[in-house]
Every structure is written in C-alpha cells, then in structure tokens.
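Visitor: Please show me the model. I have some questions about it.

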Amino acid sequence: PLLTSMVPPPVSVRDRTPEFFLLCERLQKQLGSTAPASSNGASHNTAITGPGQRVGSQMDHNKAQIQQHSDFARKAAEIGHGIHKTSLKLQKLAQLAKRSSMFDDPAQEVDELTGLIKQDIQGLNTFILELQRVSARGAKQGEATKQSLD
C-alpha cells in the first residue's frame with residue numbers, strides 16, 4: 001500500500017511534433033523575410049535560412065525520419081503480435097501432443113494446427129523482410145540527406 005501511494009499517476013502523452021514543425025516553418029518564414037542581408041547578399045542568420053535552405057531540407061529529413069520510425073515501429077509491433085499469437089498456437093500444439101488416449105486421438109487437430117503454425121511463420125518471415133526493407137531504405141535516405149546537407 002505504501003509503494004502504490006508513492007507512484008505518480010500515469011501522464012497522458014500527446015505527440016506535438018506537427019505543431020513544432022509548423023512553428024519552425026512559421027519562424028523560418030518570418031526570420032527569412034526580415035533578416036538583413038549582408039554585403040554579399042547572404043542572410044546573417046544562417047542557422048535559420050542558410051544557403052540552399054538547409055533548415056528546410058533538415059526539417060524535411062526529420063519528418064521523413066519520424067515517418068520512417070513510425071513505419072518501423074508499426075511493422076515491428078505487428079511482428080511481435082504475430083509471434084505472440086504463434087507462440088500460443090505452439091503451446092496448444094504441445095498440449096495436444098502430450099494428450100494421448102485411445103478414445104481421443106488429436107491427430108487431425110495436430111495436423112491442422114501444424115499447418116496454421118507453418119502459415120504464421122511464413123507470414124512472419126514476410127513481415128520481417130518488409131521490416132528489413134524499411135530499415136535499409138531509411139539508412140539509404142539518411143545517408144543521401146546527410147551528404148546533401150554537407
């Protein structure tokens with residue numbers, strides 16, 4: 001009872017990333033239009049609006065990273081859920097294999113469950129390949145964006 005009273009209540013979390021990006025874009029426009037130009041015509045505030053709109057391309061890169069991370073997380077969660085469901089089927093198969101009586105022959109049920117487990121494993125392998133593609137695509141995009149920013 002004492003420990004539960006010391007634990008703070010759960011805090012709700014809200015993703016405010018889109019609001020942050022909107023604010024950054026608004027600030028970029030405001031500072032970009034009001035920043036004084038130097039003698040060579042470049043903006044003094046290169047952190048906000050540098051040559052080639054580095055911050056804009058960086059924000060696009062960040063958005064892409066966030067989208068890719070959420071795709072990765074979603075696919076990984078699907079795989080985890082699939083593994084859980086398959087493990088439950090394997091447990092049931094183990095119980096059926098232990099059960100043997102002359103009047104209750106679970107051979108047909110074992111065969112059906114084995115077929116379902118094989119299908120589940122094939123589906124999980126497909127999901128894992130998709131996850132690897134998402135990961136590889138993200139690595140390639142990250143390298144390309146990093147090179148373009150340099």
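Guide: Helices (H or I, at least four residues) and strands (E, at least two) are DSSP runs, numbered from the N terminus. This is a predicted model: local features need pLDDT of at least 70, side-chain atom pairs count only at pLDDT 80 or more, and totals for chains, interfaces and linings use all residues. Residues are numbered from 1 along each chain as its sequence is written, and side-chain values use heavy atoms, with hydrogens and water left out.

Visitor: In what order do the elements of the protein run from the N terminus on?

Guide: The protein has 4 helices and 0 strands. From the N terminus, the order is α-α-α-α.

Visitor: In which helix is confidence highest?

Guide: Confidence here is pLDDT, given by the predictor for each residue from 0 to 100. The protein has a mean of 74, and 61% of its residues reach 70 or more. Helix H1 (residues 2-6) is lowest, at a mean of 51. The highest mean, 83, belongs to helix H4 (residues 107-149).

Visitor: Over residues 35-53, how many contacts beyond four places in sequence does the model have?

Guide: Contact means heavy atoms within 4.5 Å. pLDDT stays under 50 over this stretch. The number of such contacts in the model is 18.

Visitor: Is lysine 75 buried or exposed?

Guide: Lysine 75 sits in helix H3 (residues 54-98). Buried means under 20% relative accessible area, exposed over 50%, and partly exposed in between (1.4 Å probe, protein chains only). Because its relative accessibility is 14%, lysine 75 counts as buried.

Visitor: What separates the C-alpha atoms of isoleucine 128 and alanine 76?

Guide: Isoleucine 128 is in helix H4. At 36% relative accessible area, isoleucine 128 is partly exposed. Along the chain, isoleucine 128 and alanine 76 are 52 residues apart. Their C-alpha atoms are separated by 8.1 Å.

Visitor: What is the relative accessible area of leucine 31?

Guide: Leucine 31 lies in helix H2 (residues 17-34). Leucine 31 is partly exposed, because its relative accessible area is 33%.

Visitor: What percentage of the 150 residues in the protein is buried?

Guide: The count covers the protein's 150 residues. The buried share is 16%.
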